[in-house]
Amino acid sequence: MEVKTFNHLLGKLKGISDAQLKAHFGLYEGYVKKLNEIQEKLKTQDKSAANYSFGEFSELKRREAVAFNGAYLHELYFENLLAKSKPSAQLKATAEAAFGSWDAFIADIKASAASTPGWVLVTWNKADKKLHTYILYEHHIGLPVHQEVVLALDCWEHAFMIDYGTKKADYLTAFMENVNWDIVNKRLESAA
Ligand SMILES: [Fe+2]
């Protein structure tokens, strides 16, 4: 995986500073590097030494999904920032069908954020064909299979500590004001 640049966000977000963003970009790059490192090391590991308790191959396999999701979810997050457009009719209709109303949908995202130290993902569930909010406790734990991610919300403390300290609710308000609905609308359109 190659590191993508999201410098177009600098100076453009409301309530999320460049210092916060730059620190976050660095963290994202770290996940990409670790993913590449894991994938390189896997090529030369002795597979016959794979073991549930401990084995070099086994440990690398255990962390592979952490590094991949850690990298890729950050790309989805940065991509769905930069206030643009409005929720589409399709997004509103699917949110209302699943949560009762648009306000209830937003309230669910915020309540989900309060429930995890990690990620909130709004997904299109291809099994029941509904919009869902899921929470991840680590980058790789908590997401049911068969999902298309429509909106990624980074709730790890590193996403807001520089700007908001422990005031997570204020960060969530800022995040919602910076959502690029154009991207979210397109993701749903191609998933549903
Ligand atoms: Fe993050």
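Visitor: Leaving aside its neighbours within four places in sequence, which residues is Thr-123 in contact with?
Guide: The model is a predicted one, and in it Thr-123 lies in strand S1, which covers residues 119-125. With neighbours within four places in sequence set aside, the residues in contact with Thr-123 are Lys-130, Leu-131, His-132, Tyr-134, Leu-143, Gln-147, Glu-148, Val-149 and Val-150.

Visitor: Is Thr-123 buried or exposed?
Guide: A residue counts as buried when its relative accessible area is under 20%. The relative accessibility of Thr-123 is 0%, so Thr-123 counts as buried.

Visitor: How far apart in space are Thr-123 and Leu-143, C-alpha to C-alpha?
Guide: Leu-143 is among the residues in contact with Thr-123, and the two are 20 residues apart in sequence. From C-alpha to C-alpha, the separation of Thr-123 and Leu-143 in space is 9.6 Å.

Visitor: What pattern does the protein chain follow when read along the sequence?
Guide: The protein chain contains seven helices and three strands. Read along the sequence, these elements follow the pattern α-α-α-α-β-β-β-α-α-α.

Visitor: Why does the protein chain count as being as compact as a globular protein of that length, and what is its radius of gyration?
Guide: For 192 residues the globule rule gives 16 Å, and the value for the protein chain is close to this, so the chain is as compact as a globular protein of that length. Along its principal axes, the C-alpha trace spans about 55 × 40 × 30 Å. The radius of gyration is 18 Å.

Visitor: Among contacts between residues at least 6 apart in sequence, what percentage join residues at least 24 apart?
Guide: As background on the chain, 44% of its 192 residues count as buried. Taking the contacts between residues at least 6 apart in sequence, the share that joins residues at least 24 apart is 66%.

Visitor: Which residues form one aromatic cluster?
Guide: The structure holds 13 aromatic pairs, and one of them is formed by Tyr-171 and Phe-175, whose rings are tilted, with 6.5 Å from centre to centre and 50 degrees between the planes. These two residues also belong to the cluster, whose members are Phe-6, Phe-25, Tyr-28, Tyr-77, Phe-78, Trp-119, Phe-160, Tyr-171 and Phe-175.

Visitor: In which helix do Tyr-171 and Phe-175 both lie?
Guide: Both Tyr-171 and Phe-175 are buried. They are four residues apart, which is about one turn of the helix, and the element that holds both of them, residues 168-177, is helix H6.

Visitor: What is the phi of Leu-82?
Guide: Most residues other than glycine have a negative phi. Leu-82 lies in the loop between helix H2 (56-79) and helix H3 (89-99), and its relative accessibility of 22% makes it count as partly exposed. Although Leu-82 is not a glycine, its phi is positive, at about 100 degrees.

Visitor: And what is the phi of Ser-85?
Guide: Ser-85 is also found in the loop between H2 and H3, and with a relative accessibility of 48% it counts as partly exposed. Ser-85 is not a glycine, yet its phi is positive, at about 60 degrees.

Visitor: Leaving aside neighbours within four places in sequence, which residues is Pro-87 in contact with?
Guide: Pro-87 is found in the loop between H2 and H3. Pro-87 and Ala-159 are 72 residues apart in sequence, and their C-alpha atoms are 24 Å apart in space. With neighbours within four places set aside, the residues in contact with Pro-87 are Lys-92, Trp-102, Trp-181 and Asn-185.

Visitor: How far apart in space are Ser-190 and Val-150, C-alpha to C-alpha?
Guide: Ser-190 is found in helix H7, residues 181-191, and it is exposed, with a relative accessible area of 63%. Ser-190 and Val-150 are 40 residues apart in sequence, and from C-alpha to C-alpha they are separated in space by 9.8 Å.

Definitions and conventions. Residues numbered from 1 in each chain as written. Predicted model: local features only at pLDDT ≥ 70, side-chain atom pairs only at ≥ 80, totals over all residues. Heavy atoms only, no water. Helix = DSSP H or I, 4+ residues; strand = E, 2+ residues; numbered from the N terminus. Rg over C-alpha atoms; globule rule 2.2 N^0.38 Å. Buried < 20%, exposed > 50% of the residue type's maximum accessible area, 1.4 Å probe, protein only. Contact = heavy atoms within 4.5 Å. Phe/Tyr/Trp six-rings, centres within 6.5 Å; stacked < 30°, edge-to-face > 60°.
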